[in-house]
Amino acid sequence: MTMNVSELFGAKVFNDETMKERLPKNTYKSLKKTIEEGRALEIDVANVVAHAMKDWAIEQGATHFTHWFQPMTGVTAEKHDSFIQPEEGGRVIMTFSGKELVKGEPDASSFPSGGLRATFEARGYTAWDPTSYAFIKDDTLCIPTAFCSYSGEALDKKTPLLRSMQALDKQAVRIVKLFGHDDVKRVITTVGPEQEYFLIDSEMYDKRPDLIYTGRTLFGQKPPKGQELDDHYFGTIKQRVSEYMKDLDEELWKLGVLAKTKHNEVAPAQHELAPIFSTTNIATDHNQLTMELMKTVAKRHGMTCLLHEKPFAGVNGSGKHNNWSISTDTGINLLEPGATPSQNAQFILFLTAVIKAVDEYQELLRVSVASAGNDHRLGANEAPPAIISVFLGDELEGIVESIVDGTDYVDKKKKLMSIGATVLPGIRQDTTDRNRTSPFAFTGNKFEFRSLGSAASISGANVILNTIVAEELEKFADELEKASDFDQALTDLVKRELTAHKRIIFNGNGYAQEWVDEAAKRGLANLKSTVDALPEFASDKSVALFEKHKVFTKEEIMSRYDIQLENYYKVLDIEALTLDAMTKKDIMAAATSYQRKLTDLVLSKKDVGVDASTEKAQLERASELTAAMAKGLEKLEADIEKAKELSDTYDLAKFHHDVIFADMNELREPIDELEGVIPSEIWPYPTYGEILYSVK
């Protein structure tokens with residue numbers, strides 16, 4: 001049966017087309033003003049919307065509704081209530097009020113709050129985000145919402161995102177009006193997050209407790225064939241995976257997710273999905289839905305989807321490329337070079353704001369991608385380094401240098417380009433190759449922030465991107481609005497700021513040691529681990545920035561700092577306990593059994609006078625490795641106990657990074673070598689080769 005994608009798309013979404021069809025004209029207009037202009041929603045309008053939404057949802061087979069929100073766990077949450085309302089005679093009717101639509105009250109005490117809420121303070125509220133359409137999932141009407149405490153603190157990832165978008169909107173509108181765009185009412189940021197993931201057979205997954213409990217393998221030798229031949233990247237998609245991808249596309253399209261591109265990635269069993277750009281808060285909602293559905297749909301096909309940043313050592317891990325841009329409500333991409341001098345002057349100003357923002361707040365951008373899982377990727381030959389830098393490409397970098405030096409720029413076609421603010425001619429789009437080693441690369445009309453981990457919510461990175469750019473745009477607007485000669489003031493500003501912040505621009509190989517040395521000379525931060533990075537989030541500089549733009553209060557910042565530290569050490573603690581249990585319960589027994597077999601073989605050969613030197617050498621090496629494993633296990637267990645003596649969250653995070661993580665790596669070495677010699681009938685767990693090539 002042929003699928004009609006245009007009819008399928010958005011079938012499970014209470015979108016604009018559905019609202020226009022089902023709502024009275026006045027109600028629809030009022031709701032649109034709420035969505036587009038941020039106006040308050042009157043309760044009588046909410047009641048009409050709720051009634052129409054309920055009728056539509058019931059027609060789609062829904063029996064329940066939920067306020068779908070994003071607490072600081074990194075995943076989504078939902079509490080389901082049915083539409084039923086009792087009537088006399090033991091009957092029920094289906095109702096849904098405007099009050100229920102606009103506001104919910106889930107228990108807030110069991111979600112991470114970083115001290116914002118005590119356990120006995122249970123009350124929390126969800127508030128409808130009308131800019132993100134309601135949808136139906138599993139016969140439940142899902143209403144995208146923000147989540148806050150009884151006293152108003154943000155307990156979620158969406159509220160700060162909406163605040164940051166508002167902050168950037170306010171300052172960017174000031175800038176575009178200086179360029180004569182008086183028709184612009186709003187400036188929005190848009191995002192297209194590319195999502196990488198692994199697919200393995202569920203039978204293999206079920207046999208690996210480390211995958212079940214931690215999302216990654218804690219030991220395992222590299223398979224004989226990994227990604228060395230580059231034959232998996234963009235290769236023919238296996239039938240089983242193709243059927244999964246087709247099923248996933250259909251589910252996403254029903255929910256209005258603009259899933260566009262799918263392909264094999266570099267590592268065996270690794271794949272990628274990329275959507276078309278959406279407004280940032282909608283893109284965030286859609287990416288959360290995508291990650292959830294990736295796992296759900298995989299189960300239907302007898303597979304497990306792994307979203308951990310580094311599920312297998314020795315092969316590429318998974319990231320998420322956050323393609324970020326700025327656009328007006330009139331359709332102008334403010335990060336796209338134009339064809340006229342005025343358009344390019346505007347482009348250069350916004351480009352300068354981004355460059356300055358990244359340089360001045362490079363530590364915050366590093367914080368935005370910090371996690372225990374992502375620490376395995378950053379700096380490896382698959383992800384950008386922990387050092388934040390901006391890639392512009394040869395032509396834009398040449399233009400920047402010309403502005404800084406006050407000289408004319410001659411492009412590759414030998415065309416003279418005068419750099420005066422009002423006479424800058426057309427800049428060609430996509431004039432250079434991409435730099436896959438750059439954390440923050442300009443790619444024609446957007447910036448690609450490549451450092452995010454695959455399991456992360458994109459909200460954190462975009463909150464910081466929006467806020468730091470809003471800060472610079474505000475400073476630029478304050479200066480330019482006062483200027484008596486706008487063109488000269490613009491020229492002076494751009495030259496001054498690019499001169500001051502050109503150190504962040506780097507077009508070379510981010511993996512090279514030479515860049516690490518050069519970055520240190522330039523004074524760029526190299527925050528190698530999450531523990532190194534997180535204190536920057538709670539610095540006075542960061543607090544002042546977020547409070548100024550009303551994105552976070554100091555209390556909200558400190559709560560998130562505490563939550564991230566706590567999450568970091570708890571992840572490592574779970575990993576350590578899992579490795580400890582697997583080693584003691586099964587791996588040690590396998591090593592002992594292997595040695596027993598070798599001992600019996602040596603003795604039997606000796607009894608009949610046959611040379612057993614080979615077996616004896618194998619036995620000696622196995623014994624050495626088992627002893628090393630026992631020693632490593634003893635140290636790991638002792639340090640797990642030492643960690644219990646600590647109470648400060650930073651001390652716990654640092655101890656787990658410096659000691660527990662090192663213990664796990666030390667213990668892994670003899671385990672991996674033993675896996676390579678112990679026969680498969682004795683070794684208790686599937687190997688990397690068996691797992692990575694499990695989907696036929």
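**Close-ups: salt bridges and a pocket**

**View 1. Glu203 pairs up with Lys207 in a salt bridge, with 3.6 Å between the closest N and O atoms.** A salt bridge here is a side-chain nitrogen of Lys or Arg within 4 Å of a carboxyl oxygen of Asp or Glu. This is a predicted model, where local features need pLDDT of at least 70 and side-chain atom pairs count only at pLDDT 80 or more, while totals for chains, interfaces and linings use all residues. Residues are numbered from 1 along each chain as its sequence is written, and side-chain values use heavy atoms, with hydrogens and water left out. Glu203 is partly exposed at 48% relative accessible area, and Lys207 is partly exposed too, at 41% (buried is under 20%, exposed over 50%, partly exposed in between; 1.4 Å probe, protein chains only).

**View 2. Glu59 and Arg22 meet through their side chains in a salt bridge, 2.5 Å from N to O.** Glu59 sits in helix α4 (residues 43-59) and Arg22 in helix α2 (residues 16-22), so this pair ties together parts 37 residues apart in sequence. Helices (H or I, at least four residues) and strands (E, at least two) are DSSP runs, numbered from the N terminus. Glu59 is exposed, with a relative accessible area of 55%, whereas Arg22 is partly exposed at 29%.

**View 3. Asp359 and Arg503 form a salt bridge, 2.8 Å from N to O.** Asp359 belongs to helix α11 (residues 341-360) and Arg503 to the loop between α15 (486-501) and α16 (513-522), so the pair ties together parts 144 residues apart in sequence.

**View 4. A network of salt bridges links Lys356, Glu472, Glu479, Arg496 and Glu497.**

View 5. Closest to its centre, of the 33 lining residues, are Thr34, Ile35, Gly38, Thr131 and Arg186. A pocket is an open set of points on a 1 Å grid over the protein atoms alone, where a 1.4 Å probe fits, with protein on both sides within 12 Å along at least five of seven lines; lining residues have an atom within 4 Å of a point.
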